[in-house]
Amino acid sequence: MKKEWPVWEVFIRSKAGLDHRHVGSIHATDARMAIENARDVYTRRQEGVSIWVIPSKGITASDPSESGELFEPAVDKIYRHPTFYDLPDELTHM
Amino acid sequence: MELININFEKGFEAKIAAGQSIEPKDWMPEKYRKTHIRQISQHAHSEIVGMLPEGNWITRAPSLKRKVTLLAKVQDEAGHGLYLYSAAETLGITRDELYEQLHSGKAKYSSIFNYPAVTWADMGTVGWLVDGAAIMNQVMLTRTSFGPYARAMVKICKEESFHQRQGFEIMLTLCKGTEVQKRMAQDALNRWWWPSLMMFGPRDEESTHTEQAIKWKIKLKTNDELRQQFVDQTVPQAEILGLTIPDTDLKWNENRGHYDFGKINWEEFWQVVAGNGPCNKERLEARKNAWNNGEWVREAALAYAEKQVELKEAV
């Protein structure tokens, strides 16, 4: 099989003031083409004002089988949330 | 090893039962993965092959307005195909392999695109009925269990509504026009009605994939349920146009609260699936030609990009 064009992950900022958000992926030979292809595929209806592309192989993802070790330590730390603290109802602006 | 697999499977089934999404890196049964590659790629191929009957009308559109609309619609379909190919690729199959399956005939696409679009009214009917039927299926799929597929569907559904509305508008314009135009609209409905009903696939009792697909929440409604929903919603739309649906058995059933409709010619359906429809050969040829004739462009672009990297590194 012939060599495929590399895959890029596409992130789009929908308007100034918001984060770039992952929207999908695209095939392209280089970064410039990846941006142009992403423009055509993901912003046909003014969905974005800025695009990031990154080669998919440059992304390291956490392993779902390690979710326990990674995320469970936060589960019982409810004292990190404001609602954990029992304060009188008459207290305002807090 | 086997015990571990059983535990993974239990976790997977529990997630599905709880309505949680399955993501690409999550453990999944091999059959779930294969079913998704088959279904998502079939869907992607349908979008791409679906551009062909309409592409034929871009240069023949009756006005500039219709032309830009049709161009935008065909561009959307290319985009939808790409969203879906990307979703399929998260399951570990490459884009080239997906194309290869289409070109070799191993993968299917929606049979509806093997019918010819012979008049301008067909562009109206395709938007109204074919996109209408597709939307019904796609709205359901926004809640399908595999995350990337569901997210692709959300994007597609947002864009697809315009496809159906522009189709209906074409029909409305023809139906308000001259006698000849109205006859053209009726003729298109006559030809597309039954193939549109076939788009939902075989009857539930004959559908080999439905049971498992429902269990894994790939599909949330059966073929027959969606088909009935389509008939119920389309009959009043035909009335607005003043067109007659070509089915003498079509009748409102007070007890069921649904329209009864006539027998579908399943023999025709299976013939078209088997490759013997009016345009099967032509559609596949067009795809293969596009792929083969574009090969030197793909290679040249890649060679250029690699050379740019080399030049940069040499500095």
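These legends describe close-up views of a predicted model.

**View 1. The interface of chain B and chain A.**
In this view, 24 residues of chain B are in contact with 21 residues of chain A. The two chains bury about 1800 Å² between them. Carbon and sulfur atoms give 54% of that area. B:K25, B:D96 and B:L302 supply 27% of the area that chain B buries against chain A, more than any other three residues.

Five salt bridges are counted between chain B and chain A. One of the salt bridges in the model pairs the side chains of B:D76 and A:R44, at 2.8 Å from N to O. A network of salt bridges links A:R44, A:R45, B:D76 and B:E159. On the side of chain B that touches chain A, two or more residues come from each of α4 (64–89), α5 (95–104), α7 (147–175) and α13 (295–314). Helix α4(B) gives the largest share, eight residues. By class, this side has 13 charged, six nonpolar and five polar residues.

The side chain of B:K73 meets that of B:E77 in a salt bridge, 3.1 Å from N to O. Both residues lie in helix α4 of chain B, four residues apart, so about one helical turn separates them. B:K73 also forms a salt bridge with B:D131, at 2.8 Å from N to O. B:D131 lies in helix α6 of chain B and B:K73 in helix α4, so this pair ties together parts that are 58 residues apart in sequence. How accessible is B:K73? B:K73 has 0% relative accessibility and counts as buried. B:E77 is buried too, at 5%. B:D131 is likewise buried.

**View 2. A salt bridge between partly exposed residues.**
B:E206 and B:R203 form a salt bridge, with their closest N and O atoms 2.9 Å apart. B:E206 is partly exposed, at 37% relative accessibility. B:R203 is also partly exposed, with a relative accessible area of 29%. Over all chains, the count comes to 24 salt bridges.

**View 3. B:W128 and the largest nonpolar core.**
The largest nonpolar core holds 91 residues. Which of them touch the most other members? They are B:Y32, B:W128 and B:W193. Helix α6(B) gives the largest share of this core, eleven residues. Beyond residues up to four places away in sequence, B:W128 touches B:Q164, B:G167, B:F168, B:M171 and B:L189 among others. Further contacts of B:W128 include B:T234, B:Q237, B:A238, B:L241 and B:L243.

**View 4. B:D122 in helix α6.**
B:D122 sits in helix α6 of chain B, which covers residues 120–141. Is B:D122 buried or exposed? B:D122 is buried, with a relative accessible area of 0%. Leaving aside neighbours within four places in sequence, B:D122 is in contact with B:P116, B:A117, B:A188, B:R191 and B:W192.

**View 5. B:T222 in a loop.**
B:T222 belongs to the loop between α9 (210–215) and α10 (223–241) of chain B. Its relative accessible area is 14%, under the 20% cut-off, so B:T222 counts as buried. The side chains of B:T222 and B:D204 are joined by a polar contact of 2.7 Å. Apart from neighbours within four places in sequence, B:T222 is in contact with B:D204, B:T210 and B:I214.

How values were computed. Residues numbered from 1 in each chain as written. Chains lettered and ligands numbered in written order. Predicted model: local features only at pLDDT ≥ 70, side-chain atom pairs only at ≥ 80, totals over all residues. Heavy atoms only, no water. Contact = heavy atoms within 4.5 Å. Buried area = accessible area lost by both parts, 1.4 Å probe. Salt bridge = Lys/Arg side-chain N within 4 Å of Asp/Glu carboxyl O. Nonpolar A, V, L, I, M, F, W, Y, C, P; charged D, E, K, R; others polar. Buried < 20%, exposed > 50% of the residue type's maximum accessible area, 1.4 Å probe, protein only. Core = buried A, V, L, I, M, F, W, Y, C linked by side-chain atoms within 4.5 Å. Polar contact = N/O pair within 3.5 Å; in protein donor to acceptor, adjacent residues only side chain to side chain.
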